[in-house]
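Welcome, and please have a look at the model below. The report that follows starts from one local detail and then moves out to the contacts between parts.

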Amino acid sequence: MDIIANLALGFGVAVTVTNLLYCFLGVFLGTLIGVLPGIGPVATVAMLLPLTFSLDPATAMIMLAGIYYGAQYGGSTTAILVNIPGESSSVVTTLDGYQMARQGRAGPALGIAAIGSFIAGSFATLVVALFSPPLAEIALKFQPADYFSLMVFGLVGAVVLARGSLRKAIGMVVLGLILGLVGTDVNSGVMRFTFGIPALAEGISFVALAMGLFGVAEVIANLEQRGKNREVFTSRLGSVLPSRGDLKRSAWSIARGTGLGSVLGILPGGGALLASFAAYTIEKKVAKPPRDFGNGDIRGVAAPEAANNAGAQTSFIPMLTLGVPSNPTMALMIGALMIQGIQPGPQVLTQRPELFWGIVASMWIGNLFLLALNLPLIGLWVRLLAAPYRLLFPAILVFCCIGVFTINNNASDLFQLVVFSALGYLLIKLGCEPAPLILGLVLGPMMEEYLRRALLISLGDPTVLVTSPLSLAFLLAAAALLASIAVPLIRSKREEALKE
Amino acid sequence: MPAMLRNGTLALTVALLLPWSAPSPAQEYPSRPVRLIVPLGAGGPTDIVGRYLAQALSEQLKQSFFVENRPGAAGVIGTDAVAKSAPDGYTLLVVASPHINLEILQHNKPYVLMRDFVAVAPAFSYDALMVVHPSVQAKTVKEFIALAKAKPGALTYASSGPGSNKHMGGELFKLMTGTDMLHVAYKGSTGARNDIIGGHVHMMFDEIPAVGPNVIAGQVRALATTGPKRAPGFPDVPTVSEAGVPGYEHTGWSGIMAPAGTPKPIVDLLNAEINKLLAKPETKATWDKQGAETMPMTPAQFDAYLRADMEKWTKVVKQAGIKLE
């Protein structure tokens, strides 16, 4: 069996005292920095990259992979604790995760996120080890039209995300799409809706928007409350770890999230993000009743977190097999390889098998460390929430500002944060949920880009959207999802349909 | 804060311990950490060069050089930040060939490259490979031109965006061969590279460091290289000029510029240090493997090179009618 020999080679590389140490150090530093709101994996890896320059290539990659997992999990931690998604893929984690935290169940939420991530990570590592080359082939088969239809499917799913009124959810998606129009047009280079402000040339800052709508708006809304009501969290902390019942309830959700994340993670651009949204949407439809999504259902944390981490793992596939990074973090890793004097690309597997398999093995070890590090830390995080609001709120605001500033080192992003905080407060007052808006903002520009590219390459022939089997399948799935929302609506049972 | 974090404790301690009194510039330089501003996101080729130079200069000058990414507006925001910085040698710009395109195509920028900056040193140059998907029925540049002429407007070429090197290279090719190809723009190189490997577009001019491995693996076919001479890593691949488009040349480069008014001794010191780095065999070995070549020049030579490059592409832009609107 090749695979066993290969994995043995990989573990041989990964399980040395030095590499284990750096793997742990990476996970530790990644978690530590990633837990600052807004400082996601890209910023964390960029910051810590110089630490790896002096290391041996395998050790450097192992450490970077550790930083990546740590930072990714750190993003989920803030999503659950203070309603601030560190990056787009942890937006859905806020929906039920933060509600759980408010109910004093932050511990189980963080625990299930760690456990779900570990299971998903282990499975996805196996996928990477076994199926890297064929999966990369599949990802290459995706044409612009297929991506477009996948995004359409994702957007319809966004409507299902919302808890309350369907009309408001659609309105939020549309608002997100409109905001997504701001920026430079991909095809012509023309600035659209930037009002001559250079800072808007690359579009609205996702992080500023997410932090404003979720984190800061939540702080403002809480300040309205008087006296005791102002404390966001119940003082009763409850158990720190998920109970046996929690685990049992979440098992299938973790499994579904893992599968979905493993598949979507290999698609360059947006794959891992769609995975977490899709996982949540599917849970909302198929999880066993009683369903209480949006009000602290643990499965609403387990599934997207599993999907998120599985996707993070399989997103290594295009990088390792083609040298094409599937997200900015991967691009940084490729940069690190180049500085190490290794040319990333398909040759890595044949010329430097010890590096390839060493990374694969350390993925699993990194996930193990993540679990080992985070389960004991949960108690500490949860205790932070017990801090009085007069200390907690200013701290949240300060960290939000640091996070937003760090992305581009540009003060104008802070103005965006202010504007979106005000908008977020308005949305809370109007009872509109921001999650569909975020998905619209993220998917809208990609959808447009892929549609226009599909039409450009087909020389203007729109039938390409239905003649590609993949595209057709996604469009049909989107139509089915739409029908599943619309049919009960027509039967004027809207409330029942959406209460789930 | 991130800047400090990026350098770890060394930069922090140095910054805190050193007296702030103004030393005579060249003798004491660098007496505190030096910022290299990369006006693009982390992880791209310009960023990699910036980080490599920062690392090497830190070692050579016993002072921390660190990269700060200031992305936005295709590089305008970060470049402008350097233009407006004090010309004291403590803020430098990592400049690359797309800066020239930007200069020609973006009219309302808040800075003028050759007025607001002085050339310090180029570092590396990298030719592109003209690659096609293996399914394209052309084994040579001549066959490709014939194919394009047989089906005007039906062949597509990918670029990393309007005004990118890949776009300019494609337009220059169209201009010099009289062919008509469809430009398909992507947001950055990776999407474009993915689609040429996947066969969704036909052709692309892509930098050797990036696409070289895919050529060796047979995922795309190289028809030619774009430099004045053949690339060391691909001795069997002719240049575009040799292969039937005499005079076609299109080379990417990256290096360092400083705000105008930076004292000459500092510029010369940095130039000497960068050239010292480029002369090291291990530097050559590292970058050779990536398909990039060292590019040692004096500040005056670099300045002349920049002006010549600007002139050449201004003509191409005019003739091809490339516009960002």
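In chain B, Gly218(B) comes after helix H10(B) and has a positive phi, near 80 degrees. Helices here (H or I, at least four residues) and strands (E, at least two) are DSSP runs, numbered from the N terminus. H10(B) itself spans residues 208–216, and seven of its nine residues are buried, where buried stands for under 20% relative accessible area, exposed for over 50% and partly exposed for what lies in between (1.4 Å probe, protein chains only). The buried ones are Ile208(B), Pro209(B), Val211(B), Gly212(B), Pro213(B), Asn214(B) and Val215(B).

A word on the ground rules: this is a predicted model, in which local features need pLDDT of at least 70 and side-chain atom pairs count only at pLDDT 80 or more, while totals for chains, interfaces and linings use all residues. Residues are numbered from 1 along each chain as its sequence is written, chains are lettered from A and ligands numbered from 1 in the order in which they are written, and side-chain values use heavy atoms, with hydrogens and water left out.

**Two buried residues**

Thr283(B) belongs to helix H12 (residues 281–290) of chain B and is buried, at a relative accessible area of 1%. Its side chain comes to 2.6 Å from the backbone oxygen of Leu277(B). Beyond its neighbours within four places in sequence, Thr283(B) contacts Tyr52(B), Phe124(B), Leu277(B), Leu278(B) and Thr294(B); contact means heavy atoms within 4.5 Å.

Over in chain A, Cys23(A) sits in helix H2 (residues 17–34). Cys23(A) is buried too, with 1% relative accessibility. Once residues up to four places away in sequence are set aside, Cys23(A) touches Ile62(A), Gly66(A), Ser362(A), Ile365(A), Gly366(A) and Phe369(A). Leu64(A) is 41 residues from Cys23(A) along the chain, yet their C-alpha atoms are separated by 7.9 Å.

**Two interfaces**

Chain B is split into domain 1 (2–15 + 33–125 + 251–320) and domain 2 (127–225), with bounds that come from an automatic or database domain assignment. The C-alpha centres of these two domains lie 28 Å apart. The size of an interface is often given as the accessible area lost when the parts come together. In the table, buried area is that loss (1.4 Å probe), summed over both parts.

| Interface | Buried area | Share from carbon and sulfur |
|---|---|---|
| Domain 1 and domain 2 of chain B | about 1100 Å² | 63% |
| Chain A and chain B | about 4300 Å² | 61% |

How many residues take part between the domains of chain B? There, 16 residues of domain 1 contact ten residues of domain 2. Four residue pairs are in polar contact across this interface, both residues being at pLDDT 80 or more; such a contact is a pair of N or O atoms within 3.5 Å, and within protein one must be able to donate a hydrogen and the other to accept it, with residues adjacent in sequence counting only if both atoms are side-chain atoms. On the domain 1 side, helix H5 (98–105), strand E9 (251–259) and helix H13 (299–320) of chain B each give two or more residues, and H13(B) supplies the largest share, six residues.

Between the chains, 48 residues of chain A meet 48 residues of chain B. One salt bridge is found across this interface, a salt bridge being a side-chain nitrogen of Lys or Arg within 4 Å of a carboxyl oxygen of Asp or Glu. Lys187(B) and Glu449(A) have side chains that meet in a salt bridge at 3.8 Å, N to O.

How values were computed
Buried area = accessible area lost by both parts, 1.4 Å probe.
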